[in-house]
Amino acid sequence: MPVTRAEELDIDRSDSGVAAMRLVNSQQGATTMTAGVSIFEPGAAILLHTHPCEETVIILDGTAVAYVDGERFDLNRYDTTIMPPGVPHRFVNESDKPMTIAYFYPLVDAPRYPVDGKESQA
């Protein structure tokens, strides 16, 4: 069974204030799924976006705000979202402490499509 060593992975910092690790994708030999962990600094957010597949996000530490198709959800540790394909969403850390999420997709190297011109649906 292959093992992914987190300390050997590159950190994706393409979203300001967010450190993302792709733990499972094609680079690790996966053929049908993607998974990872993202740590959000206080005040950090990801852009409004969609995916062509389902996405599950679990809050591992801290608190988060999820904006899903125009609705706001306040999330706590272990709260879980199940996002249908094509639904606009984003996650925001409005707290003064770091927030960590785990994310899962049933598609290898699942793409993220920005929703043009919209940073929030608040």
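Tyr78 sits in the loop that links β6 to β7 (80-83), and this is a predicted model, so to speak, from end to end. Tyr78 is not a glycine, yet its phi is positive, near 75 degrees. Asp69 belongs to the loop between β5 (64-68) and β6 (71-75). For background, most residues other than glycine have a negative phi.

| Residue | Phi | Relative accessibility |
|---|---|---|
| Tyr78 | near 75 degrees | 53% |

Five strands make up an open sheet, in the order β1-β2-β9-β4-β7, and the pairing is antiparallel. The edges belong to β1 and β7; each has a single partner strand, so one side of each is left without a neighbour in the sheet. On average, neighbouring strands here are turned by 20 degrees against each other, ignoring direction. Take the β4 and β7 pair: the two run antiparallel and are joined by four bridges. Within this part of the model, Glu55 stands opposite Met83 of β7.

On to the inside. The largest nonpolar core holds 20 residues. Which of them have the most contacts inside it? They are Phe40, Val57, Ile59, Leu75, Phe91 and Ile101. The elements that supply two or more residues to this core are β1 (18-24), β4 (55-61), β5 and β9 (99-105). β9 gives the largest share, four residues. In general, nonpolar side chains in soluble globular proteins tend to be buried together.

Ile101 is worth a click in your viewer. Leaving aside residues up to four places away in sequence, Ile101 touches Gly36, Val37, Ser38 and Phe40, along with Val57, Ile58, Ile59 and Leu60. Two of these partners, Phe40 and Val57, are also on the list of residues with the most contacts inside the core.

One last stop is Arg90, in strand β8 (residues 89-92). Why does Arg90 count as buried? Its relative accessibility is 9%, and buried means under 20%. What does the side chain of Arg90 reach? It reaches the backbone oxygen of Ile46, at 2.8 Å.

Conventions:
Residues are numbered from 1 along each chain as its sequence is written. This is a predicted model: local features need pLDDT of at least 70, side-chain atom pairs count only at pLDDT 80 or more; totals for chains, interfaces and linings use all residues. Side-chain values use heavy atoms; hydrogens and water are left out. Buried means under 20% relative accessible area, exposed over 50%, partly exposed in between (1.4 Å probe, protein chains only). A nonpolar core is a set of buried Ala, Val, Leu, Ile, Met, Phe, Trp, Tyr and Cys residues joined through side-chain atoms within 4.5 Å. Contact means heavy atoms within 4.5 Å. Two strands pair if DSSP finds at least two bridges between them. Axes are lines fitted to C-alpha atoms, for helices over the stretch in contact, and angles run from 0 to 180 degrees between N-to-C directions. A polar contact is a pair of N or O atoms within 3.5 Å; within protein, one must be able to donate a hydrogen and the other to accept it, and residues adjacent in sequence count only if both atoms are side-chain atoms.
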